[in-house]
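Biologist: I would like to go through the labels on this model one by one. For each, please give the value and the cut-off behind it.

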Amino acid sequence: MKQTFSNIVYSGNQPHNETPTGKTTITSFLLLFTVLIAAPVSAQFEGQVQYRILNVDSGVTEQTDLNMVFTSERIFIGSSSSLNVMSGLSTNGILVRNDEQDFVFNTAENEAFKIAKYDIDRLVELMNRVSGKSENEQKQGFDWDSRVEESGRTQQLHGYTVREFVLKEVSKDRHVSVWLTDEIKVRWGLLNDAWHTTGKKQLDQDLPVELIMNPNSFPLLIEGFNGDQRVFKAEALSVNSRDFDRSLTELSPNVNLMGLSDLMMSMFRQRR
């Protein structure tokens, strides 16, 4: 399972149990070089994926629709519900511009905050100090070997073959089923960087975000179960790689862009 899992999900720090000899190293290198030359380069996905998220864990069904658009350098995520990015910043649309190294958060009609990736990290650190929250650096790492396994089940979703990976919760009654396809590959770029530099430090436990956000596969269905009851479902309703609206990854000239200082003033006003 571990070898199969590493093929579909990127992992750059897997431990090696054996120290190869010089002959083995040279042979492995030549084999890898041959494979890289012979294998076709898989194209990065450009298109639109529409998601519907249903959460009934609280006893009340909550629905959120996501519109995700991917191009070679940008990602747009639009939401039917307001997304709480951090204290004092909510948005219904996020534009990730890898080419500009920044995030654009839509906060109102024709109004948005443009924040550089570097400033996001500094801003979160500042907000943590103001609120007295310390980063949890001592949390236990996620145990991939015992908590993630490939079930062997496959199915077809929107013309793509997906394989099921089961994420076991600490509670034996709960688990998450993630259906991944290796036929869709996107460049998460700044989203992935922001998670590793800032996002994961805000949580009390390590989460396997790499299972969902990695360069070698893409989730088309995620289901959470409490016993036999499904309490969460995130499902791709459609996948469109032809006629999709690329303009969503561009800024309208009518948008009033505000910067980091404007965002900080807005945050501190809301904390009064």
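Modeller: Start with arginine 230 and glutamate 223, which form a salt bridge with their closest N and O atoms 2.7 Å apart.

Biologist: What makes arginine 230 and glutamate 223 a salt bridge?

Modeller: The term requires a side-chain nitrogen of Lys or Arg within 4 Å of a carboxyl oxygen of Asp or Glu. The N and O atoms of this pair are 2.7 Å apart, so the label applies.

Biologist: What kind of model is this, and how are its residues numbered?

Modeller: It is a predicted model, in which local features need pLDDT of at least 70, side-chain atom pairs count only at pLDDT 80 or more, and totals for chains, interfaces and linings use all residues. Residues are numbered from 1 along each chain as its sequence is written, and side-chain values use heavy atoms, with hydrogens and water left out.

Biologist: Why is glutamate 223 called buried, and what is arginine 230 called?

Modeller: Buried means under 20% relative accessible area, exposed means over 50%, and partly exposed is in between (1.4 Å probe, protein chains only). Glutamate 223 has 12% and therefore counts as buried. Arginine 230 has 38%, so arginine 230 counts as partly exposed.

Biologist: Which residues are joined by salt bridges that share partners?

Modeller: Arg74, Asp99 and Glu250 form one such network. The search of the whole structure finds 11 salt bridges.

Biologist: How do you know that glutamate 46 and arginine 246 tie together parts of the chain?

Modeller: Their side chains meet in a salt bridge at 2.8 Å, N to O. Glutamate 46 lies in the loop between α2 and β1, and arginine 246 in the loop between β11 (229-240) and β12 (256-258), so the pair ties together parts 200 residues apart in sequence. The helices and strands are DSSP runs, numbered from the N terminus (helices: H or I, at least four residues; strands: E, at least two). At 25%, glutamate 46 counts as partly exposed, and so does arginine 246 at 42%.

Biologist: Where do aspartate 65 and arginine 52 lie?

Modeller: The side chains of aspartate 65 and arginine 52 meet in a salt bridge (2.8 Å, N to O). Aspartate 65 is in strand β2 and arginine 52 in strand β1, 13 residues apart. Aspartate 65, at 24%, is partly exposed, and arginine 52, at 31%, is partly exposed too.

Biologist: Why is the pair of phenylalanine 45 and phenylalanine 70 called edge-to-face?

Modeller: The search of the whole structure finds five aromatic pairs. Rings of Phe, Tyr and Trp (its six-membered ring) pair if their centres lie within 6.5 Å; planes under 30 degrees apart count as stacked, over 60 as edge-to-face and the rest as tilted. The centres of phenylalanine 45 and phenylalanine 70 are 6.1 Å apart and their planes are at 65°, so this pair is edge-to-face.

Biologist: What makes phenylalanine 70 and phenylalanine 218 a pair of this kind?

Modeller: Their ring centres are 5.8 Å apart and their planes are at 90°, so the pair is edge-to-face. Phenylalanine 70 lies in strand β2 and phenylalanine 218 in strand β10 (residues 218-226), so the pair ties together parts 148 residues apart in sequence. Phe45, Phe70, Trp188 and Phe218 form one aromatic cluster.

Biologist: Are these phenylalanines buried or exposed?

Modeller: Phenylalanine 45 has 7% relative accessibility and counts as buried. Phenylalanine 70 is buried at 1%, and phenylalanine 218 is buried at 1%.

Biologist: Which residues touch the most other members of the largest nonpolar core?

Modeller: Phe70, Phe218 and Leu220 do, in a core of 49 residues. A second, separate core of six residues includes Val69, Phe76, Leu95 and Val104. A nonpolar core is a set of buried Ala, Val, Leu, Ile, Met, Phe, Trp, Tyr and Cys residues joined through side-chain atoms within 4.5 Å.

Biologist: Why are the buried residues of α5 said to line one face of the helix?

Modeller: In α5 (residues 190-197), Leu190, Ala194 and Trp195 are buried. Seen down the axis, the buried residues of α5 fall within an arc of 140°, so they line one face. The arc is that of the directions from the helix axis to the C-beta atoms.
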